[in-house]
Amino acid sequence: MSTMAEAAFRQGLAGIAFTEHVEWVPEDGATGYLRPAAYFAELETLRVHYGNRFWLLAGAEVGNSHDYREEARGFLDAWPWDYVLGSAHWADELPVWEPVAFDEGLDSAIERYFRELAQLAELGEYDVLAHFDLVRRDAWSILGERLDLTPYSDLIHEALRVVVERGKGLEINTSALGQGLEEPLPGLEILRWYRELGGEILVFGSDAHHPEQLGRGFDQARSLALAAGFERLARFQGRRVVEWIPL
Ligand SMILES: [Zn+2]
């Protein structure tokens, strides 16, 4: 955590949210990985070290919380989280990042993913939905396919509408840019739909698993957000938006 914080600080970012993976699916490698006590102890040390020069948010990327509602609530209530990403890493009990998710064809994989996401959006525990069109990154990395999601507009709107109704947000996840895709997750079309539906809460996430990936593509994310009609980013603390940062 100290390596990541120092890399973000040196890059001139205003702060960082550590969004460690949290899962309950037994087959998922992230299940049982996070040790919250150790996590919060190190975070506290970093907060003392940086003082008010840099904010450090206690985040978590919680997978399929709609399938594990009690576990998710217990986990989130037990610790002072600032910011919770919600992810659908499993759809119909299939890992969306593995080839098996595409065994029945592209169309069925896309529909399965967005149906699961709509469930998560409606019933899950989260502040911001992570990598909204993750299936686009997986179709690219597994099949080398660039997806056109326009035909899935109805399904996608279903999920977006619930996000807006519940007062939740979207992340622009820039990890796909480092993998050869032209647009982050989601891209301009979905961002516009979210904005048209009244969506306001937007954050950037580099999904960095290594220090050199921190903040990658944020310039492009900013241009896209502006093009989609957004003027500001949300900053969370204690699982509420406490500040709006002009783009
Ligand atoms: Zn994820």
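Which strand gives the most to the lining of the largest pocket, and with how many residues? Start there, then go on to the other spaces and what surrounds them.

Reply: Strand S1, residues 15–22, gives the most to that lining, with 7 residues. Keep in mind that this is a predicted model.

Take the largest pocket first. Its volume is about 1300 Å³. In total, 47 residues line the pocket. Nearest its centre lie Ile-16, Ala-17, Phe-18, Thr-19 and Leu-214. Sort the lining by class and you get 27 nonpolar, 11 polar and 9 charged residues.

Next comes the second largest pocket. Its volume is about 340 Å³. The lining holds 19 residues, and the closest to the centre are His-21, His-89, Arg-137, Asp-207 and His-209. Helix H5 gives the most here, with 3 residues. By class, this lining has 4 nonpolar, 8 polar and 7 charged residues.

His-89 leads us to the metal. The zinc ion is coordinated by Glu-61 through OE, and by His-89 and His-131 through NE2. These distances run from 2.0 to 2.2 Å. Along the chain, the donors follow the spacing E-x27-H-x41-H. Glu-61 sits in strand S2 (residues 55–63), and His-89 sits in the loop between S3 and S4, so the pair ties together parts that are 28 residues apart in sequence. Glu-61 and His-89 are both buried.

Glu-61 also has a neighbour worth a look, Leu-85. Leu-85 lies in strand S3. Its relative accessibility is 3%, and that is why it counts as buried; the cut-off for buried is under 20%. Leave out residues up to four places away in sequence, and Leu-85 touches Thr-19, Ala-60, Glu-61, Val-62, Tyr-126, Val-128, Ala-130 and Glu-171. One of these, Thr-19, is also among the residues nearest the centre of the largest pocket.

Now check H4 itself. The helix has 18 residues, 106–123. At 1.5 Å a residue, H4 should span 26 Å, and its end C-alpha atoms are 26 Å apart, so the two values agree. The buried residues in H4 are Ala-109, Ile-110, Arg-112, Tyr-113, Phe-114, Glu-116, Leu-117, Ala-118, Leu-120 and Ala-121. Look at the numbering with one rule in mind. An α-helix has 3.6 residues a turn, so residues three or four places apart point the same way.

A search of the whole structure finds 1 cavity of 30 Å³ or more. The volume of the largest cavity is about 70 Å³. Its lining is made of Ala-91, Leu-94, Val-96, Ala-101, Phe-102, Ala-109, Arg-112, Tyr-113, Val-135 and Asp-138. H4 supplies the largest share, 3 residues. H4 and H5 each supply at least two. The lining divides into 8 nonpolar and 2 charged residues, with no polar ones.

Notes. Residues are numbered from 1 along each chain as its sequence is written. This is a predicted model: local features need pLDDT of at least 70, side-chain atom pairs count only at pLDDT 80 or more; totals for chains, interfaces and linings use all residues. Side-chain values use heavy atoms; hydrogens and water are left out. Helices (H or I, at least four residues) and strands (E, at least two) are DSSP runs, numbered from the N terminus. The expected span of a helix is 1.5 Å times one less than its number of residues. Buried means under 20% relative accessible area, exposed over 50%, partly exposed in between (1.4 Å probe, protein chains only). On a 1 Å grid over the protein atoms alone, a cavity is a set of points where a 1.4 Å probe fits but cannot get out, and a pocket is an open set with protein on both sides within 12 Å along at least five of seven lines; lining residues have an atom within 4 Å of a point. Grid points are joined across faces, edges and corners, and a volume is the space filled by probe spheres set on the points. Ala, Val, Leu, Ile, Met, Phe, Trp, Tyr, Cys and Pro count as nonpolar, Asp, Glu, Lys and Arg as charged, and the others, Gly among them, as polar. Donors are N, O and S atoms within 2.8 Å of the metal (3.2 Å for Na, K and Ca); water is not among the atoms, so sites may look incomplete. Contact means heavy atoms within 4.5 Å.
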